[in-house]
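Hello,

Here is the structure for the pocket work. My notes follow below it.

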Amino acid sequence: MKALEQRIQEDGRVIEPDILKVDSFLNHQIDPVLMQEMGKEFARLFANQGVTKILTVEASGIAPAVMAGLALDVPVVFARKSKSRILSDDAFTADVYSFTKQTSNAIRIDKRFLSADDHVLLIDDFLANGQALLGLKEIADQAGATIVGAGIVIEKSFQPGRQNAIDAGLENIHSLARIAVFEDGQVKFVNEEA
Ligand code: G4P
C-alpha cells in the first residue's frame, strides 16, 4: 500500500538493527485517516470471504482491526494480555512469547465472543516472529472457528514470522507493507501487495 510505504519512509525511524519505530502514526500517536485507509484496504483484500469477526491482540492491533471491522461491517474482538478482574474465567487462552520484550504473556478471549460458527480474520500491526498470530490461531482453533486469513500492517520479511505462521497452517496472509531490509537506517520494501 503506497500511502503506508510513503509514511514509513517519511516518519518511520530505524532505532535498532531490526526495529522500526512508527509511534508517530501507528502505535502511540495514531493517524486516523491513514488508519481508515488501511482498514479499507484490508476489507478489499478479504472481501467476499465470509468474514464474521476480526480478532487481534491489545494494544497496537486494535486500531487497524477496528478500521477493518468498520469497513467489513463485522465485530472486532481483541485478546487481552492482563487478566482483568471483570474478565470471566470462561476464556480461550494461549501463551504468546515476545522476542522484542523477552516476556511471555497469556492472551485471553472470553468464550462468549468466539464460536465454531465464526469465520475470523486475524489482524495485527507487526509481523516479526509471528508469535501473536500463532497465539490468535491457537485461540481460534480452541473455539473451532474457521480462520479466513491474516492481515498485517507492517511485515518485516527478514524475520521468520510469515514462515512460522505458514508452518502452523495459516494461509492467506496479506501485509500492507513488506520490509525487505533496513539498510543504513533506510527502509527497503519487498513490493506492494496486489
Ligand atoms: P510478533 O509481533 O510477530 O509476535 O513478533 P515479536 O515477538 O518479535 O514482537 C513482539 C512485540 O514487538 C509485538 O508487540 C510487536 O508488534 C512488536 N514489534 C516487533 N517488531 C517491531 C518493530 O520493528 N517495531 C515496533 N514498533 N514494534 C515491533 P506487542 O508485544 O504485541 O505489543 P503492543 O504494542 O501491541 O502492546
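β2 (19–21), β5 (91–98), β6 (103–110), β7 (119–127) and α4 (131–143) each supply at least two residues of the lining of the largest pocket. Helices (H or I, at least four residues) and strands (E, at least two) are DSSP runs, numbered from the N terminus. A pocket here is an open set of points on a 1 Å grid over the protein atoms alone, where a 1.4 Å probe fits, with protein on both sides within 12 Å along at least five of seven lines; lining residues have an atom within 4 Å of a point.

This is a predicted model: local features need pLDDT of at least 70, side-chain atom pairs count only at pLDDT 80 or more, and totals for chains, interfaces and linings use all residues. Residues are numbered from 1 along each chain as its sequence is written, and side-chain values use heavy atoms, with hydrogens and water left out.

The largest pocket holds about 870 Å³ of space, a volume being the space filled by probe spheres set on the points, which are joined across faces, edges and corners. Its lining has 31 residues, with S98, T100, K101, D125 and F126 nearest the centre. β7 contributes the most, 4 residues.

Separately, Q29 is in the loop between β2 and α2 (32–45). Leaving out residues up to four places away in sequence, Q29 touches D23 and S24 (heavy atoms within 4.5 Å).

Regards
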